[in-house]
Amino acid sequence: MDPLVLDFGAIDASMVPVVGGKAANLGELTGAGLPVPGGFCLTVGAYRRIAAGAALDAVLDQLDRPGSRTADPGELATLAGKARSAVAGAPVPADIEADVLSAYRALGDDVPVAVRSSATAEDLPFASFAGQQDTYLNVVGVDAVLDAVRRCWASLWTDRAVAYRSSNGIPHRDVALAVVVQRMVNSQVSGVLFTANPVTGRRREAVVDASPGLGEAVVSGAVNPDRFVLGLDGGPVRERRLGDKRVVVLPVAGGGVVRRERAADGEPTACLTDAQLGELAALGRQVEDHYGAPQDCEWALDESAALWLTQARPITTLFPLPTDPGPAGDGTTAYFCATLAQGLVRPITPMGLAAFRLLGAGLADLVGVPVPAGSAGPRRLMVTGQRAFVDVTPALTHPLGRTVMLRLLGVMEARAAEVLRRLGDDPRFAVRKRSVRPLLVTAVRTAWRLRMPPRALHAVLRPAAAQDQVRQVAERQERGLALADGATAEQRLDHVERSLRHVLGRAMPSLMPAPAGGFLMLGLAARLLRADLRPGDLQAVLRGLPHNVTTEMDLELWRLASRVRADADSAAELAGAPAAELAARYLRGGLAPVVQRGMAEFLAEYGHRAVAEIDLGLPRWAEDPAHLFGVLINYLKLDDPAVAPDAQFARAAAGAEQQVRRLVEAARLRGGPGGRLGGRLRGRLVGFALNRARALGGLREAPKYYLVVGLASVRRQLSEVGTELAAAGRLAAAEDIFFLDLTEARRALRGADLGYLVAERRADYEREMRRRQVPRLLLSDGVEPESLGAAQAAAEAGDGRLVGVPASAGTVTGIARVVLDPVGAHLAPGEILVAPSTDPGWTPLFLTAGGLVMEMGGSNSHGAVVAREYGIPAVVGVPNATQLIKDGDRIEVHGAEGWVIGT
């Protein structure tokens, strides 16, 4: 049998399943020679014997049933209470009591100890369970120790622990509890030490919170402690903020602790000297160097000023740094999150990231910067946290590069532009003196090679020709993506690599000149109008744009909903079943004819699309149309013809045309050089520019649309390879291929068993799916510039407004519906969609939305464009909107001014 009690010296980090996370860390730290107070661990074997006698199976079945991650909190609390009572009432076997007595006496006669819970799902790399289970301090005597152990076992089922495990998808049946019994330190001063700054993310920067007495006061948040910031590798204290330290937790003779209020004693004094802070930083450096990752440590100074380490765990909130920090000698590097800018908070599958690298290599080829190993991607493209980042340091420090980058981001991702602008004030990212000529020559040469200027001019002069150009590029791409029947799996992988780098990488730039010409015309109109423009005037011109493939897709889905509504059998079918069930019946061909045929027609045209569609590792709508059925169900709730999406779109287009006429008249009346003649000429020019902006602006979606068409084609080829590997037993399922890259897929074809790698990647992916905060910008020292507070302070005005970027004019008041994932989301007509960001997979929700608020984006980002076309007020680039606005809040959106406020 496994031992029931283990001394810290017999424990290491590999023993989490036996002793839990806390004890494994303490044993590992003891083995590393760090100053850890002695103690022992009552292993999970003891808990399992107790749990077996507590008859927990019925409760566990309910807690671990499908859908428990979103279970009602009240229901979870009830189940937690039942489990807690059962464990607390179970008898403790005599042999367990004897082992605890023996180990406790080995520490000394009635020595004061801390009794701490140590769960097997605790202090994991992706989740911090600090405070989820109970701890008992200054426990004296064997009877008191046994009582504290029993209470620790029961605390595995506290309401907060059960809710936390459920929300993180950790099966309750898999979790067990060990108990740590550790010699108490009679602390004169204690607290916590972070070996990386948890607020800014800066690595190798120690943050110390300290207060007199036991560390419980600091850990529990009961005291306003002293806070110090200093380098982990030495140097002076960088920041010193003294707290009032009004609460102190002290041990009581004979057992237990007391919390006392300290009297105010004039000006506060520091409870640690600089020498002691230096000693703490050195200890933190030892701990981090041992684990190879930043740590959250608990420490104590005893009455002789000896320093003790009482706990260490990973800091789970830090975003991981790129493993390749860029070329040597570059100093601090700035990384921009490219996938977040595309609207994806979620991670990208490994095969999706492989596609990003190859697409990046193809674009680098076009600008004359060839990438020798395309599978590695361009030198400046990094992957961390399963997201793609781009090293923007060269652009930020280049006089022309900074100007161009900030202007582009100003319309595409305004909040990132603001953060980068502030970062430019940092001396490390100051503009360096260098000639702009090489960059200009490269830009001009690339533009001319791709014939961008003549194509843009041609589109402006003949908008109809731009439509022909889109069709020609689409046909050329289709030919390039074609693969003869009977291709081998190796040939399919070769074709995928060639398609991503040489076909799709070239098609996108060919589609950009026409919409670019449209926005240049919009800029020309702005210059001609100048003082005549009011906030939101030009946004109104861009409503109801023609030729937008995403808008056309959304309206086609609405027309399908209208046909379903008109057919009683179809409407009843959609009203009476969940979306997932409807999707399964559709794939079997078992729906009512109007729905079955209508959805088939829609998917024949748009089945290549998906939510988060730039990740080719995710299923397309043709494979899983559950999201579309959810949207159709939502559309059927909209029964007011006046707010029907097609009616709203028509009104938006008519309003835009009226706005064009108003602006033309304003330009004509203002006149200028030449008097009346000058006014007529100005009016004609404004009219020409605005009409061309409307004719070409809708083509903005074409480059991404045809990229997604290509990605769907590539996905089909990879799925064929995955099917072959699964049939050969080298993968568990065909879709596992998307958790490999192309090189690994070739290895699997040649016989390698990569099942273990797929399992690891899937686990990593699920962990990253739980991450809700992804930095727009990340520095190589770990700092997330937006978290420094400047951008947030600027974003929140004193009257409670949340300030962002004006995206679509108008004002609307309604109920906020915070949506983090559009799949399965329901938006009642008139509700205001609050989202991290959006891509085309979100836009069906826009058809019933009364307004839009996004954390990401600029005035020309995807969500902003679609909101304008549908005529709904929108504000984008609102930092932390999905956290600051609560689901169900009543808010007011001012789209022209760019702010949101609660009502």
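**Surface, fold and an enclosed strand**

The protein chain exposes about 37200 Å², of which carbon and sulfur atoms supply 55%; accessible areas come from the Shrake-Rupley method with a 1.4 Å probe, and for residues only the protein chains shown count as cover. The model is a predicted one, in which local features need pLDDT of at least 70 and side-chain atom pairs count only at pLDDT 80 or more, while totals for chains, interfaces and linings use all residues. Residues are numbered from 1 along each chain as its sequence is written, and side-chain values use heavy atoms, with hydrogens and water left out.

The overall dimensions come next. Along its principal axes, the C-alpha trace of the protein chain spans about 100 × 65 × 55 Å. A compact globule of 903 residues would have a radius of gyration near 29 Å, and the 31 Å of the protein chain agrees with this; the radius is taken over C-alpha atoms, and the globule rule is 2.2 Å times the number of residues to the power 0.38.

The protein chain contains 33 helices and 25 strands. These are DSSP runs numbered from the N terminus, with helices (H or I) of at least four residues and strands (E) of at least two. Of the 903 residues, 54% are buried, where buried means under 20% relative accessible area, exposed over 50%, and partly exposed in between (1.4 Å probe, protein chains only). Among contacts (heavy atoms within 4.5 Å) between residues at least 6 apart in sequence, 70% join residues at least 24 apart.

Seven of its seven residues are buried, so β3 is largely enclosed by the rest of the structure. Cover is present on both faces: V113, V115, S117 and A119 are buried on one side, and A114, R116 and S118 on the other.

Strand β3 also has pairing partners, two strands being paired if DSSP finds at least two bridges between them. Strand β4 (residues 135-139) runs antiparallel to β3 and is joined to it by three bridges; within β4, Y136 is the bridge partner of V115. With strand β5 (residues 177-183), β3 forms seven bridges, again in the antiparallel sense, and here S117 has V179 as its bridge partner.

A buried position is also found in a loop. T333 lies between β13 (307-314) and β14 (334-337), and T333 counts as buried because its relative accessibility is 1%. The C-alpha atoms of T333 and A148 are separated by 50 Å, the two residues being 185 apart along the chain.
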